[in-house]
Amino acid sequence: MICERQSGAFPLPSIKVALIGVGNCASAFVQGLQYYKNFESGDECVGLRNLILGGYHPRDIQIVAAFDIESRKVGKDLAEAIFAPPNNAPKMVEVAPTGLIVHKGPVLDGVGEYTKSVVQVSSLPEADVMQVLRESGAEIVVNLLPSGAVKASEWYAAQSLKAGCAFVNATPSFIASRSDWARRFEDAGLPVVGDDLIDQVGATALHKTLLQLLSRHGVRITETYQLDVGGGTESLDTLERTRNLKRTVKTETVKTALLYEAEVVAGSTDYVDFLQNRRDSFFWIKGLYFCGTPMQLDMRLSTVDAPNAGSVLLDVIRAVKIALNRKLKGAILPICAYAFKHPPQLLSLEVAEKMFEEFIIMATR
Ligand SMILES: NC(=O)c1ccc[n+]([C@@H]2O[C@H](COP(=O)([O-])OP(=O)(O)OC[C@H]3O[C@@H](n4cnc5c(N)ncnc54)[C@H](O)[C@@H]3O)[C@@H](O)[C@H]2O)c1
């Protein structure tokens, strides 16, 4: 836990967040805000990396606006929209009505060929997104659009800039890692972080850690792959639009775990509807140890996809608030490298975690 808040310390102002896309990830995140709001000590609270981060508790995060395009979500209270189909993330807690109505955003490339069979586009009029952001007082916009919605992600990033909000890009569209976008945020005096959030129980992080552990012990890895199957809308979208992109991003980051060349493949592979929001990740590692003796590892990790983003998102949002407090601008490397698979600069897990810890500690001095 980085930086406990002193007991009786002055309450910090809330962190006002707007959600772009009320899908499975948003569902788990909103439920998490409810789930963790009454925990006071990190010891009794299960499932978070940091209950308090830089002095902020999850209950300091307030959702002030939300946008989607789905007819079963738009015009509904956020508490109802997060459980509306095609979302299939599990219900972990009851969420009381929030009083916050989901606005309709422009569709752009938000619905792909494959997902159009499960997504019903709302016929309600589109909101003026920039105006809603301004009026809601949002200071951080969190992009949770489908991974193939590249144009829509860029469009919301531009609205975020116009409304004077920091931008968190959880999707694998390249924004924070692109120098032209990073410069636009820098020119506007705003932070941007991304791209493609790292999961808490992440197949990528686990894969890298296993490879590093084996390599440290003198094993020469010769071949390795890690492939996923899932049943969320996101897996369906990935199948059509971002399979290759995700494979490139994941393979590049896994390769950084090895100090030598090896055959490495990492990526998503298929959609299996009956898995619902579950995800199975398969790992295969082949290497040579003492006197060239061969070893093989064959492993499966089963998780539920949406809750896997919750803890990391909580850390990212609080860290971005710290960046705003410190008037930092452009791509914020300590946050990008700690929490995203495709940061502007790839760093090892240890270096990224150390950098993030120093960033948080410095902010609270
Ligand atoms: N563990 C995780 O869930 C995780 C981890 C890393 C990255 N991500 C990324 O987070 C993003 C969201 O994942 P998800 O599982 O919640 O996806 P999802 O498909 O369940 O949700 C996407 C939501 O965006 C909405 N949408 C589509 N077009 C829109 C538009 N133009 N304007 C507003 N809303 C629109 C959809 O209706 C849907 O509600 C994906 O890009 C995914 O790659 C998720």
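Student: How many bridges join E4 to E5?

Tutor: This is a predicted model, in which local features need pLDDT of at least 70 and side-chain atom pairs count only at pLDDT 80 or more, while totals for chains, interfaces and linings use all residues. Residues are numbered from 1 along each chain as its sequence is written, and side-chain values use heavy atoms, leaving out hydrogens and water. Strands (E, at least two residues) and helices (H or I, at least four) are DSSP runs numbered from the N terminus, and two strands pair if DSSP finds at least two bridges between them. E4 and E5 run parallel, and the bridges that join them number four.

Student: Which residue of E5 is the bridge partner of Val142?

Tutor: Strands of a sheet pair through backbone hydrogen bonds, either parallel or antiparallel. On the other pairing of E4, with E1, there are four bridges in the parallel sense, and Ala18 has Val141 as its partner in E4. Towards E5, the partner of Val142 is Val168.

Student: Which residues point the other way from E4 than Ile140 and Val142?

Tutor: In a regular strand the side chains alternate between the two faces of the sheet. Ile140 and Val142 share one direction, and the four residues listed for E4 are all buried, a term that requires under 20% relative accessible area, with exposed meaning over 50% and partly exposed in between (1.4 Å probe, protein chains only). The residues that point the other way are Val141 and Asn143.

Student: What is the order of the seven strands in the open sheet?

Tutor: The edge strands are E3 (103-104) and E11 (330-331), each of which pairs on one side only. E6 (residues 191-193) pairs with E11 in the parallel sense over two bridges, and Pro191 has Gly330 as its bridge partner in E11. With parallel pairing, the order is E3-E2-E1-E4-E5-E6-E11.

Student: What angle does the direction of helix H1 make with that of E2?

Tutor: Axes are lines fitted to C-alpha atoms, for helices over the stretch in contact, and angles run from 0 to 180 degrees between N-to-C directions; contact means heavy atoms within 4.5 Å. Helix H1 (residues 24-36) packs on the sheet and touches strands E1 (15-20) and E2 (61-68). Helix H4 (residues 150-163) lies across E1, E2, E4 (140-143) and E5 (166-169), at about 160 degrees to E5. For H1 and E2, the angle is about 155 degrees.

Student: With which residues is Gln34 in contact, leaving aside its neighbours within four places in sequence?

Tutor: Gln34 lies in helix H1 and counts as partly exposed because its relative accessibility is 29%. Its C-alpha atom is separated by 31 Å from that of Val150, which is 116 residues away along the chain. Beyond the sequence neighbours, the contacts of Gln34 are Val93 and Glu94.

Student: Why is the pair of Tyr35 and Tyr36 rings edge-to-face, and what is the angle of their planes?

Tutor: Rings of Phe, Tyr and Trp (its six-membered ring) pair if their centres lie within 6.5 Å; planes under 30 degrees apart count as stacked, over 60 as edge-to-face and the rest as tilted. This rule gives nine aromatic pairs. The ring centres of Tyr35 and Tyr36 are 4.8 Å apart, and the pair is edge-to-face because the planes lie at 70 degrees.

Student: Is Tyr36 buried or exposed?

Tutor: Ring pairs link Tyr35, Tyr36 and Phe39 into a cluster. Tyr35 is partly exposed because its relative accessibility is 40%. Tyr36 has a relative accessibility of 9%, so this residue counts as buried.

Student: How far from the centre of the Trp181 ring is the charged end of Arg184?

Tutor: A charge sits over a ring if NZ of Lys or CZ of Arg is within 6 Å of the ring centre and within 35 degrees of the ring normal. Lys91 has its charged end over the ring of Phe83, 4.7 Å from the centre. For Arg184 over the ring of Trp181, the distance is 4.3 Å.

Student: Which side chain does the side chain of Glu139 make a polar contact with?

Tutor: Glu139 is placed in the loop between helix H3 (129-136) and E4, and counts as buried because its relative accessibility is 17%. A polar contact is a pair of N or O atoms within 3.5 Å; within protein, one must be able to donate a hydrogen and the other to accept it, and residues adjacent in sequence count only if both atoms are side-chain atoms. At 2.9 Å, the partner side chain of Glu139 is that of Lys321.
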